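The following paragraphs guide the reader through a structure, beginning with a single residue and ending with the wider arrangement. Please keep the sequence and the structure in view while reading.

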Amino acid sequence: MSDTEVISAERKRAFSIDLKAMGPALALLILCIIGYSLNSAFLSEGNITNLLTRSAFIGIIAVGATFVITAGGIDLSVGSMAAVISGVMIIIMNNLVDTFGAGAVTVLIGCGCSLILGIGAGWINGALTTKGKIEAFIVTLGTMGIYRSLVTYFADGGTLSLNFDLRGTYRPVYYDSFLGLPIPVWVFIGVSIAGWVILNRTAFGRYCTAIGSNESVAKYSAVNVDRIKTATYVIQGFCVALATIIYVPRLGSASASTGVLWELEAIAAVIIGGTVLKGGYGRIGGTILGALILTTIGNILNFTDVISNYLNGTMQGLIIIIAVWLQRADWSKKKV
Amino acid sequence: MFKKSIMALALGTAVVFSGAASAEEKIKIGVSYPTPTHAWAAGMNWHAEQAEKRLEELYPDVDLILVNSPDPAAQASALEDMVSVNQIDALVVLPFESDPLTDPVINVKESGALITVVDRGLSKEGIEDIYVAGNNPELGRVSAEYMKSRLKEGDNIVILRGIPTTIDNERFDAFMAEIEGSGINVLDHKHANWNRDDGFEVMQDFLSRFPDIDAVWAQDDDIAIGVVAALKQAGRDGDGMFVVGGAGMKETIKGIMDGNELQPIDVLYPPAMLATAMDVTVAAFKSNGPVAGRYILGATLIDKDNAEQFYFPDSPF
């Protein structure tokens, strides 16, 4: 092998690594250019704010999902979990109005309950997976059905609505801004930074990666596999609860159709972002871009009537596959 | 001679006994429908339960058996049980899906029961004796008619549609046919899946995209809730802007009674239609007039004058 061949091979490798890291950012940039060329209102301040706020729900849940998937697990229950937590939170707050009034105290207690429920639900998923030795797919498929039917039951098949006086108190959590950015976006930023630090700068984060790449080796290396894996589900539950806290004040209601398919959107965001579905490699930054890409696709489709409404799913599917293909395909090994 | 009279006596007693038995026997009517998973269906369930109480009180010899099923296969089994265990005399059925339930309903019919089909037709014609349904095209047409009465030539509207289905197409096509030629511009139409969250997001995008919107056809009260939240967030809920929903949600009707200008009317797609079907089916046994036939319920325009008669505060919908 001559020197030039080696250099060019190295260059190609460098390019492919670069593309892997930059893939999601590139995809998002292309989407934004398409959006802007369709309608200049796409880049208006109002639309960008809407986009970011909307991404916050899936984004926050997806940060949690990055931990679960990096450690080799999967959580299908997050959408149903969000629905049932919203429902229970609304019931609790409505019942507290008589005792504590329609002020901040009631809302804070509601939010506290939401976090406890999220952590508890995550712990159940984790404990059943590790102590119960049941595959995560089955455990969370089961809890997905349970949570979904529970919210239907609590709502009597209909919709649970937040007390109207409470809405006045709670509404700013979704609709108000701080330093020009809506509060849900700040929460999203906070969760993202915390997620990045935990995954990349702590022993816990390295254990997650280790377990995801080889569970047996991690176990023999004295990593408490069960505890770490359970903790990833608890983080996931906590993130779902946070997303719920900013979701409820938007429309003040929860029903059986709340959070439908959020689990798949969250998993898609994680994978688009470059995390490997079978575990062992996780990227929080990518996940955030993944969530933004998913929201942007929906937004762009609403901005144009060129594509038939019936083909929305096709466009979403194509863009997801292309975004992942861009970073996975082995560009350096084109036909010899 | 003697033999004959004994036989006549025996026959007479038999007739008397069977007469007594049939007086004891109740008219059993099975009512089968999908388990409610959204608010409209929960309202339907509530109205059906109310009708059961009311009809059984009115006619002590009528027994209504309400069963809801979570999927088409479970509904098919429920129908089999109604024939074998309950031995029903009539069936009121709102099929989960047309195709998989056509044969099970035919089997019930072969047992001799009267068949009432509600809302969703079966795949074969001529099975049902009675058909009760809402009127989807009329819902679209009535909504468009109201739009025309409020708007003038050159005004702009946007449309939020439901889940892509026949129901949605019927409503939408009838709306467009009625609006045609009025000079009102339909800027665009997108699916919001009869869902509050999707209604909110689609409306946000419409508001970013179109600076001038005069009215919104949301087709459904759940979508309308999302639309109203988006309008209020953008501060574009004034200047005579109005939203037309549909179905007859109690909160919407309460708003109409209270004079809500943003949602001044609603178009009914009656959640009580299963109750109506139960009434008609009982009438088939009790009325002296014929009842077989097709009952297409009206898509009534609900405004401030008639809102009260469609307001059921105890219903979940």
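Helices here are DSSP runs of at least four residues, numbered from the N terminus. In that numbering, A:Leu289 belongs to helix H13 of chain A, which covers residues 284–302. The model in which this residue sits is a predicted one.

Leaving aside neighbours within four places in sequence, A:Leu289 is in contact with A:Pro24, A:Ala25 and A:Leu28. A further relation concerns A:Val270: this residue and A:Leu289 are separated by 19 residues in sequence, and their C-alpha atoms lie 8.9 Å apart.

The largest nonpolar core has 105 residues. The residues with the most contacts inside this core are A:Tyr170, B:Leu160, B:Met203, B:Ile213, B:Val216 and B:Val227. What does A:Tyr170 touch, if residues up to four places away in sequence are not counted? The residues are A:Met89, A:Met93, A:Val107, A:Cys111, A:Leu162, A:Ile245, A:Val248 and A:Pro249.

Chain B may now be considered as a whole. It contains 10 helices and 12 strands. Its C-alpha atoms fill a box of roughly 100 × 35 × 35 Å along the principal axes. The chain is divided into domain 1, made of 16–134 + 271–286, and domain 2, made of 136–267. The C-alpha centres of these two domains of chain B are 34 Å apart. Of the 317 residues in chain B, 50% are buried. Among contacts in chain B with a separation of 6 or more, 73% join residues 24 or more positions apart. The chain exposes about 14,300 Å², of which carbon and sulfur atoms supply 52%.

Charged pairs complete the picture. Side chains of opposite charge can pair when their charged atoms come close. Over all chains, the count of salt bridges comes to 18. One of them joins A:Arg54 and B:Asp205, whose closest N and O atoms are 2.9 Å apart. This pair crosses between chains, from helix H2 (residues 45–70) of chain A, where A:Arg54 lies, to helix H7 (residues 196–209) of chain B, where B:Asp205 lies. Are these two partners buried or exposed? A:Arg54 has a relative accessible area of 6% and is therefore buried, and B:Asp205, at 0% relative accessibility, also counts as buried.

Another salt bridge lies within chain B, between B:Asp61 and B:Lys286, with the closest N and O atoms 2.7 Å apart. B:Asp61 is in the loop between helix H2 (39–58) and strand E2 (62–69) of chain B, whereas B:Lys286 is in helix H10 (residues 273–286) of chain B, so the pair ties together parts that are 225 residues apart in sequence. Both are partly exposed: B:Asp61 has a relative accessible area of 26%, and B:Lys286 has one of 31%.

B:Lys148 and B:Glu178 form a further salt bridge, their closest N and O atoms being 3.0 Å apart. The pair links distant parts of the chain, with B:Lys148 in helix H5 (residues 136–150) of chain B and B:Glu178 in helix H6 (residues 166–179) of chain B, 30 residues apart. B:Lys148 counts as partly exposed at 31% relative accessibility, while B:Glu178 counts as buried at 19%. Finally, A:Asp305, B:Asp188, B:Lys190 and B:Arg209 are joined into one network by salt bridges that share partners.

How values were computed. Residues are numbered from 1 along each chain as its sequence is written. Chains are lettered from A and ligands numbered from 1 in the order in which they are written. This is a predicted model: local features need pLDDT of at least 70, side-chain atom pairs count only at pLDDT 80 or more; totals for chains, interfaces and linings use all residues. Side-chain values use heavy atoms; hydrogens and water are left out. A nonpolar core is a set of buried Ala, Val, Leu, Ile, Met, Phe, Trp, Tyr and Cys residues joined through side-chain atoms within 4.5 Å. Buried means under 20% relative accessible area, exposed over 50%, partly exposed in between (1.4 Å probe, protein chains only). Contact means heavy atoms within 4.5 Å. Domain bounds come from an automatic or database domain assignment. Helices (H or I, at least four residues) and strands (E, at least two) are DSSP runs, numbered from the N terminus. Accessible areas come from the Shrake-Rupley method with a 1.4 Å probe; for residues, only the protein chains shown count as cover. A salt bridge is a side-chain nitrogen of Lys or Arg within 4 Å of a carboxyl oxygen of Asp or Glu.
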